[in-house]
Amino acid sequence: MPEGQDPVPPTAKAKRDRAARVSTVEQPATGPVRPGGAAEPPPGPALAGEPTGPAGAGHDDEERPARELTGAPATVVAVVAFTVALIVLTQVFRPLAQGSQYYLIIFLAGVLPLVFLAYRSGLRRPARLTRRGPAPPGDPADLPARGRPDRPTIGDWLLAGLALLVCLYPVLPFPIAGAGGGYDAFLDRQGLLTPTDVLLGALLLALLIEACRRTTGWVLPVVCLIFLGYGYYGGLLPQHWAIAHAGLDFAQIIDALYNSGSGFYGTPLDVAATYIVLFTIYGAVLDLSGAGRFFVDLSVAAFRRSRSAAGRTAVAAGFLLGTVSGSGTATAVSVGAVSWPILRRAGYPPEQAGGMLAAAGVGAILSPPTLGAAAFIVAEYLGVSYLTVLGWAMIPTLLYYLGILLAVEIDARRFGVRAVEVVAGSPGRLLLRFGYHFSSLIVIVVLLAIGVSATRSVVYATALAFALSFLDRRGWLTPDRLFTALATGVRGVLPVVAVCGAAGIITATTTKTGLGAQFAGLLVRAAETLADRPAVVLALTVVFAAVALALLGLAVPVTASFIIGWVIIGPALLALDVPAPAAAMFVFYYSVLSEVTPPTALAAVGAAAITGGRTVPTMWQALKYALPAFLAPIAFVLTGPGEHLLGRGPVLGVLWAAAVACLGIAAVATASGGWLLGIGPVGVPGRILAGLGGLLLLYLHPVSIATGVALLAATAALALARRRTDRRPPDPAAQAESVEATSTSRSASPPDRSPRKRESS
C-alpha cells in the first residue's frame, strides 16, 4: 500500500472525505440529480472483474458545501429556482421594458434569498442549543445532529426574507418612510439618497458579504471589507502616497454600490444573470439527457488497449465533460468517480492519479464552448462577442491539454504503468448510437458564427438537447426531470452570483478612487527601477503580474480573481502597449491556473477525496501536470507574435506560432517529467537544458527559437548517451570479480536454518 493511503477501501474513503471536505454539487455532474441536489453515480464502463468506482459528485469551483435539502424547504427552493429560470429564459426573447438594471434587481431578488436557504452559516453555536455532547467528527459547525434533517434555521428564513425586501425596494411602487415610489423615483435620487435608501443599501451590502462568506469562505468578504475601508479612510492616508485619495463618505459609497451601474448591478452580476445562468441550465439539461455518461463511455472505449490508456481516458473525459461543465472541481470529481478504478488497476499511486484528474478537470474552465464564468466577463469588458473569446481560447486550450497528455505518456513509462482490460463498447458504435449529444455543442458555435447572440444560441442549444433526450429512454426529460434540470441550473449559479455581487464592491470602489491606475503606475515603476530597456521592463512587469495573480488566486475564486486582476493589474499591462485581448487572456489564464496551485487547489482537494490520496501531495502533482500551461500565457504579452497564439494575425503566423509553442510545451514537459519520449530518461543536466529550451521557445522570437531548438537537441543527445550507457554490456573482468566477491561473502557466513527464514525464502 502506498505511503499515506488510508487502509479503508477507496469508495468508503471517498464518501467520508466528500462529506467532510468537498462540496456536493448544486450543478450538473455525470448522472441524474436527486431532489437534494447531489448527483447519482454514472453507470459508466467497468473494469474486468472489478466494480465501478464510487459515485461521483460534482463541485463548483467557487462554492462551499451546500445543504442536502429535503421536505418543504427543498420544495420552496426548487419552485423559486424554477421560477427564476423561467424569468431568465423569458428575458432572452422579451426583455423587460425598464432596462437591464431593472432585470438585475428582479434576478438578484430571486436568487439571493436562496443562498441563505441552500447554504449553512458555518458559524458554531453553543452545544446546548444544537446538540447534546460534542459534534460528530467531520460535521460542519452548524450541521444538525446526526439523524436530523439539515433544514434552514429561523435565522436563515429571516435573512432570506430581508434579502427579498432590500433587493425589491428600488422597484416597489409605493412610498416607504419618505422614500420608495418606484424604480424611476429611485434612479432620480442618484447622488442624493435619502436615509432610507442608505439604510437599505447598507443592509444589501451586509447581506451580499454574508452570502459570499457562506458560499466561498472568509477570504473574499475580508477583501471586500478592505476595499470598503480604503474607500472610506483613503483621505487619511499621507497625500504624497500614490494610492491616497480624497476619501468617500458612507452615503457616497452606498450610492455607488446601490444606485449606479458599477456596483451591485454592474458588469459581473449582469454577466451572471444573462450568460452564466443560461449555460448552467444548458449544462443541467444536457447532462440529464445522458451526455455526461456518453462522454465518459466514449473516452474509456477509445483508449482501452494501449499502455497509457488509463491516463488518456482521464484526460479525454475531462476535456469532453469540460465542454459542458465549466467547473474544474466538478469535472475532476465526476471523471475520477469512473476512471480512478482504472487508474488504480493500471498502477497509478493515489496522489499521481489525483493530480492528473485535477489538472484535467481544471481544463474545463478553459474548454470551449462553455469556458468559465470569467470568460463571459472578458467579452463584456472588452466589448467583443463571446465567439471571439472562444476563438482566443482555442490554441491555449490545446496547449494545455497537450502538456497534460505528454505528462501522462511520460508517467506511463516512468511508473511502468500496465494496460488494463476494460469492459467497454466499440467507439464507433457509441458514436453511431449516442453521437447526437455533440450536436447541441456544435449548434452553439454555428449560431454564434452566423451572428446569433450568445444568449439565444445557448437557449436554442438547450431546446435541441431537450428534444434529443427522447432518443434514449434513460435520458427522457419528462416534466419532472425538466423541472429538476431548470431548478438545478439556477441553484448551480448561486455561488457565482454571490461572488459577482461582492466583486461589484471591489470594482465600484476601484472606479470611484482611481486605485486601478495608481496601482498600475506602482507596478510599472517597480519594474523600471530594476531596468531601463522597454523589453526588460515589460518582462519584469509580466513576472510581477503573474506572481500577484497567482497569490490572489490562492485567496479568492476564479471569477473574483479575474475581476480584481483586471481592474488592478490590467491597466499596468495596457500602459506598456500590450494589446487588450492579450492582457485580458493573460489575466484570465493565471486566474484559472490558481485552481491547481497549492495550498488552496480545490480541484486537487476533490480529486484526493476520490482517490484517497494525501491532499497536499496531490496538489503538487496537479501543479506538475499543469506547469507547462503556466508559461504559455506569458507568451501572449511578451512579444508581438505571442498574439498569434490567440488566433490573431495571419494564418501562417498563427500556424508557426502554434507549432513552436507545442515544441516549447514538450520541452517543459520533458523538464518536469525527466523523460524524453522516444528516447528515455534524462538526467538533471538534460532537464535543465530542456527547461531553458522550453522558455526560449515560448518567447517566440527567431533568435530565442533557434537557441531553444539547439538546447532541446542537446537534451536529446544527453538522453541518447545515457541510454547507450545503460545498455552497454558489463565488463567481463568486473563481472567475474563481482561473482567471486559474492561467493566469498556467502561462504563466510553460515546459512540461517530457522524455519521462519526458510519459509520466507
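Q: Why is Asp 577 called exposed?
A: In this predicted model, Asp 577 has a relative accessible area of 69%. Exposed means over 50%, so the label holds. Asp 577 sits in the loop between helix H25 (570-575) and helix H26 (580-593).

Q: What makes the phi of Asp 577 worth a note?
A: The phi of Asp 577 is near 65 degrees, a positive value in a residue other than glycine.

Q: Which value does the phi of Leu 700 take?
A: Phi is positive here too, at about 60 degrees, and Leu 700 is not a glycine. Leu 700 lies in the loop between helix H30 (684-698) and helix H31 (702-727).

Q: How do you know whether Leu 700 is buried or exposed?
A: Relative accessibility is 1% for Leu 700. Buried means under 20%, so Leu 700 counts as buried.

Q: What makes Asp 156 and Arg 67 a salt bridge?
A: Their closest N and O atoms are 2.7 Å apart. The cut-off is within 4 Å, so the pair qualifies. The two come from distant parts of the chain, 89 residues apart: Asp 156 is in helix H5 (residues 154-168), and Arg 67 is in the loop between strand E1 (46-47) and helix H2 (71-93). Both Asp 156 and Arg 67 are buried.

Q: How do you know that Arg 214 forms a salt bridge with Asp 156?
A: The closest N and O atoms of Arg 214 and Asp 156 are 2.9 Å apart. That passes the test of within 4 Å, so this pair is a salt bridge. Arg 214 is in helix H7 (residues 195-216) and Asp 156 in helix H5, 58 residues apart. Arg 214 is buried, as is Asp 156.

Q: Why do Arg 213 and Glu 210 count as a salt bridge?
A: Their side chains meet at 2.8 Å, N to O. Arg 213 and Glu 210 both lie in helix H7, three residues apart, or about one turn of the helix.

Q: Are Arg 213 and Glu 210 buried or exposed, and how do you know?
A: Arg 213 has a relative accessible area of 4%. Glu 210 stands at 19%.

Q: What makes H7 mostly covered?
A: Of its 22 residues, 16 are buried. H7 reaches 31 Å from its first C-alpha to its last, close to the 32 Å expected. Just after H7, Gly 217 takes a positive phi of about 105 degrees.

Q: Which residues form a nonpolar patch on the surface?
A: Leu 123, Trp 218, Val 222 and Ile 226 form the patch, with about 420 Å² of accessible area together.

Q: Why is Leu 123 called partly exposed?
A: Leu 123 has 42% relative accessibility. Leu 123 sits in the loop between helix H3 (100-118) and helix H4 (127-130).

Q: How many aromatic pairs does the structure hold?
A: The structure holds 24 aromatic pairs.

Q: Why is the pair of Phe 82 and Phe 483 called tilted?
A: The rings are 4.8 Å centre to centre, with 40 degrees between the planes. Stacked needs under 30 degrees and edge-to-face over 60, so this pair is tilted. Phe 82 lies in helix H2 and Phe 483 in helix H20 (residues 479-492), so the pair ties together parts 401 residues apart in sequence. Phe 82 is partly exposed at 23%, and Phe 483 is partly exposed at 28%.

Q: What makes Tyr 102 and Tyr 183 edge-to-face?
A: Their planes stand at 80 degrees, with the ring centres 5.2 Å apart. Edge-to-face needs over 60 degrees, so the pair qualifies. Tyr 102 is in helix H3 and Tyr 183 in helix H6 (residues 183-188), 81 residues apart. Both Tyr 102 and Tyr 183 are buried.

Notes. Residues are numbered from 1 along each chain as its sequence is written. This is a predicted model: local features need pLDDT of at least 70, side-chain atom pairs count only at pLDDT 80 or more; totals for chains, interfaces and linings use all residues. Side-chain values use heavy atoms; hydrogens and water are left out. Helices (H or I, at least four residues) and strands (E, at least two) are DSSP runs, numbered from the N terminus. Buried means under 20% relative accessible area, exposed over 50%, partly exposed in between (1.4 Å probe, protein chains only). Patches are made of residues with over 30% relative accessible area and no salt bridge: like charges are joined within 9 Å, nonpolar side chains (Val, Leu, Ile, Met, Phe, Trp, Tyr) within 5 Å. Accessible areas come from the Shrake-Rupley method with a 1.4 Å probe; for residues, only the protein chains shown count as cover. Rings of Phe, Tyr and Trp (its six-membered ring) pair if their centres lie within 6.5 Å; planes under 30 degrees apart count as stacked, over 60 as edge-to-face and the rest as tilted. The expected span of a helix is 1.5 Å times one less than its number of residues.
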